[in-house]
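Open the model in your viewer and keep the selection tool at hand. We will go stop by stop, and each stop says what to select.

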Amino acid sequence: MQIKLENVSHTYMPGTPFETRALIDINLTIEQGEYLAIIGQTGSGKSTLVQHLNGLLKPTSGRILIDGKEVDKTAYREIRRRVGLIFQFPEQQLFAETVFEDVAFGPKNLGLPEAEVRRRVENAMLLVGLDPQELGDRSPFTLSGGQMRRIAMAGVLAMEPEVLILDEPAAGLDPRGKKEILDQIDRLHREEGLTVVLVSHSMEDVASRAKHLLVLVDGRQKMYGTPAEVFRDGQELAEMGLGLPQMCLLMHKLRAAGKDVPTDIFTVEDARDAILKMLGVPQT
Amino acid sequence: MNMFRSITIGQYLPGDSLLHRLDPRAKFIALLLFIVAIFLVNTYWGYLILAVIVTTFLFTSGIPLSYFFRGLRPVYYIMLFTLLIHIFFTKGGSVLLRLGPATIDSYGIYLGFYMVLRIIFLVVSTSLLTLTTSPIALTDALEYFMKPLSYLGVPAHEIAMMMTIALRFIPTLMEESEKIMKAQMARGADFESGNIINRAKNLVPLLVPLFVSSFRRADELAIAMEARCYRGGMGRTRLRELQATPRDFLAVAVAGLIIAVIAGTGL
Ligand SMILES: Nc1ncnc2c1ncn2[C@@H]1O[C@H](COP(=O)(O)OP(=O)(O)OP(=O)(O)O)[C@@H](O)[C@H]1O
Ligand SMILES: [Mg+2]
């Protein structure tokens with residue numbers, strides 16, 4: 001499915017002294033198979049933006065088209081089934097007595113038959129790397145934070161959405177847990193063919209993974225493009241208070257020192273290769 | 001989906017008006033006296049005087065009118081309900097309308113509007129207090145008034161502290177309910193349709209996480225307070241001492257005068 005935002009703005013509590021313009025004039029198209037990362041500082045409107053993508057928030061002005069059709073009230077149920085949204089700190093939404101029941105909440109709300117619910121729950125738990133046999137009957141509240149987060153993710157995956165939106169899925173995890181979650185998301189994108197929208201405030205996490213980046217600053221869309229395009233100009237990003245990924249920064253510095261290296265380098269491996277090439281060392 | 005945050009009834013708005021600067025204790029007493037006045041008044045002239053007083057304060061308080069009245073929205077239903085009850089069930093005076101066995105009497109209409117007026121005055125004047133007084137100042141004032149009770153063994157400081165904490169966490173809880181509700185809606189939960197029993201059942205996915213996080217928060221707060229050596233009211237000093245000025249005494253005196261005038265002249 002294709003999700004298209006046309007001049008979308010959102011204002012919280014309009015007409016009160018607490019009025020906040022959280023989004024201003026956003027234009028964006030998310031194609032089938034996309035891997036989009038939304039980046040911005042805290043308060044820049046990332047969470048507000050993604051809640052528009054499955055109809056939890058309605059734009060104050062502008063419109064949202066799904067497969068070319070404007071979303072109306074009757075379609076929200078359908079859209080929430082097709083667009084799965086995993087909130088920031090999703091472990092806070094767990095409620096059921098057992099892990100199985102919690103993950104089954106979504107599929108049951110869809111009115112699926114028992115056997116299909118079971119299949120989906122087990123499948124979703126495997127997708128996030130949890131063993132349904134071992135954990136299915138445990139209380140979610142007895143598990144570790146990282147496990148709870150995976151269960152919450154499984155709860156959304158069990159709805160078998162076409163688009164998966166994750167709001168800061170790696171927030172508050174240790175480096176290893178972070179890498180595991182992000183790798184899992186990559187795999188869902190690659191192997192299950194899910195369209196992915198990933199919210200993050202860390203360039204490092206997303207630069208090497210996403211196809212496109214959207215940079216939000218104070219509710220406005222400041223940059224949009226492939227990682228290579230967005231990171232071409234390091235100066236501009238730094239001015240927005242968003243740093244470059246380490247390796248990209250290194251390349252920019254080398255270039256500034258007069259070396260001939262590309263700047264669209266985001267991983268240590270690529271950086272090594274680029275530097276070796278620059279030094280003229282033959283590579284195996 | 002901003003249902004919770006749109007309930008702004010009595011939510012404090014910082015400002016610099018006369019009402020904002022008055023001592024919370026003076027405001028409390030003045031409001032109490034004013035409420036007595038609302039119940040003493042029994043002529044429309046009396047209400048006119050009260051209306052002039054209230055609107056003067058409302059206009060000088062610096063609170064945007066749209067915000068003020070939006071916050072009162074839930075009260076409109078109570079007013080409508082009161083009016084209808086009186087119109088249909090209070091008997092007396094002349095019969096104005098006959099609908100089968102039911103009648104609408106003139107006294108019912110009179111009393112209905114009377115009650116609605118009282119509700120308006122009550123709500124508007126109390127909102128003026130809460131809109132112009134920070135929750136902390138309010139509980140400080142309450143603690144002050146409860147102090148004599150502590151000689152009788154009432155834990156005045158603790159009660160005030162509990163109220164401060166409760167008030168402090170209302171917005172947090174609302175934010176959190178909204179977030180959890182949205183998260184469950186993203187999983188196909190439906191909080192809006194179905195019969196009463198189903199709706200109550202559908203609240204489980206909202207209430208359980210809310211309780212879990214409230215207990216966690218309470219725990220964290222208790223630890224944080226203990227880590228800073230909190231041990232109740234004994235010997236505790238304050239960062240902001242309440243300081244009554246002549247202006248505050250004047251405010252209370254004026255409120256008292258209003259009552260005296262109303263009682264004396266039988267307005
Ligand atoms: N429900 C709400 N009611 C009122 N204002 C809100 C609400 N949610 C967010 N805001 C405000 O809108 C702005 C954007 O918030 P948003 O949560 O979208 O930012 P964010 O980019 O997700 O930040 P973070 O990185 O901290 O999650 C902020 O100024 C915030 O205070
Ligand atoms: Mg956010």
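## Stop 1: ligand 1

Select ligand 1. It sits between chains A and B. Keep in mind throughout that this is a predicted model.

Now show the residues around ligand 1. How many residues surround it? The shell has 17, and the closest are Thr42(A), Gly43(A), Lys46(A), Ser47(A) and Thr48(A).

Colour the shell of ligand 1 by residue class. Three of its residues are nonpolar, 10 are polar and four are charged.

## Stop 2

Zoom in on the oxygen atoms of ligand 1.

- Pick Thr48(A). An N or O atom in its side chain is 2.5 Å from an oxygen atom of ligand 1.
- Pick Lys46(A). Here a polar side-chain atom lies 2.7 Å from an oxygen atom of the ligand.

On its own, ligand 1 has 630 Å² of accessible area, and the protein covers 75% of that.

Go back to the cartoon view. Which elements give two or more residues to the shell around ligand 1? They are β2 (20-30) and α1 (46-53), both of chain A. Select α1(A) next. This helix supplies the largest share of the shell, three residues.

## Stop 3: chain A as a whole

Zoom out and select chain A. Count along the cartoon: there are 12 helices and 10 strands.

The C-alpha trace spans about 65 × 50 × 35 Å.

## Stop 4: chain B as a whole

Hide chain A and select chain B. The cartoon shows 11 helices and two strands. Follow chain B along the sequence, and the order reads α-α-α-α-α-β-β-α-α-α-α-α-α.

Next, look at the dimensions of chain B. Along the principal axes, its C-alpha atoms fill a box of roughly 70 × 60 × 40 Å. A compact globule of 267 residues would have a radius of gyration near 18 Å, but the value for chain B is 23 Å.

## Stop 5: the largest pocket

Bring both chains back and look for empty space. Rolling a probe the size of a water molecule over the atoms shows where such space is left.

The largest pocket holds about 1,000 Å³ of space. Its lining counts 32 residues. Select Glu143(B), His157(B), Met161(B), Arg236(B) and Arg238(B), which lie nearest the centre of the pocket.

Which elements give two or more residues to this lining? They are α7 (135-150), α8 (156-186) and α10 (204-227) of chain B. Highlight α8(B), which gives the most, with nine residues.

Finish by colouring the lining of the largest pocket by class. You will find 15 nonpolar, six polar and 11 charged residues.

Conventions. Residues numbered from 1 in each chain as written. Chains lettered and ligands numbered in written order. Predicted model: local features only at pLDDT ≥ 70, side-chain atom pairs only at ≥ 80, totals over all residues. Heavy atoms only, no water. 1 Å grid on protein atoms, 1.4 Å probe; cavity = no way out; pocket = protein on both sides within 12 Å on 5 of 7 lines; lining within 4 Å. Points joined across faces, edges and corners; volume = space filled by probe spheres on them. Helix = DSSP H or I, 4+ residues; strand = E, 2+ residues; numbered from the N terminus. Nonpolar A, V, L, I, M, F, W, Y, C, P; charged D, E, K, R; others polar. Near = heavy atom within 4 Å. Polar contact = N/O pair within 3.5 Å; in protein donor to acceptor, adjacent residues only side chain to side chain. Areas by Shrake-Rupley, 256 points an atom, 1.4 Å probe, with all protein chains shown as cover. Rg over C-alpha atoms; globule rule 2.2 N^0.38 Å.
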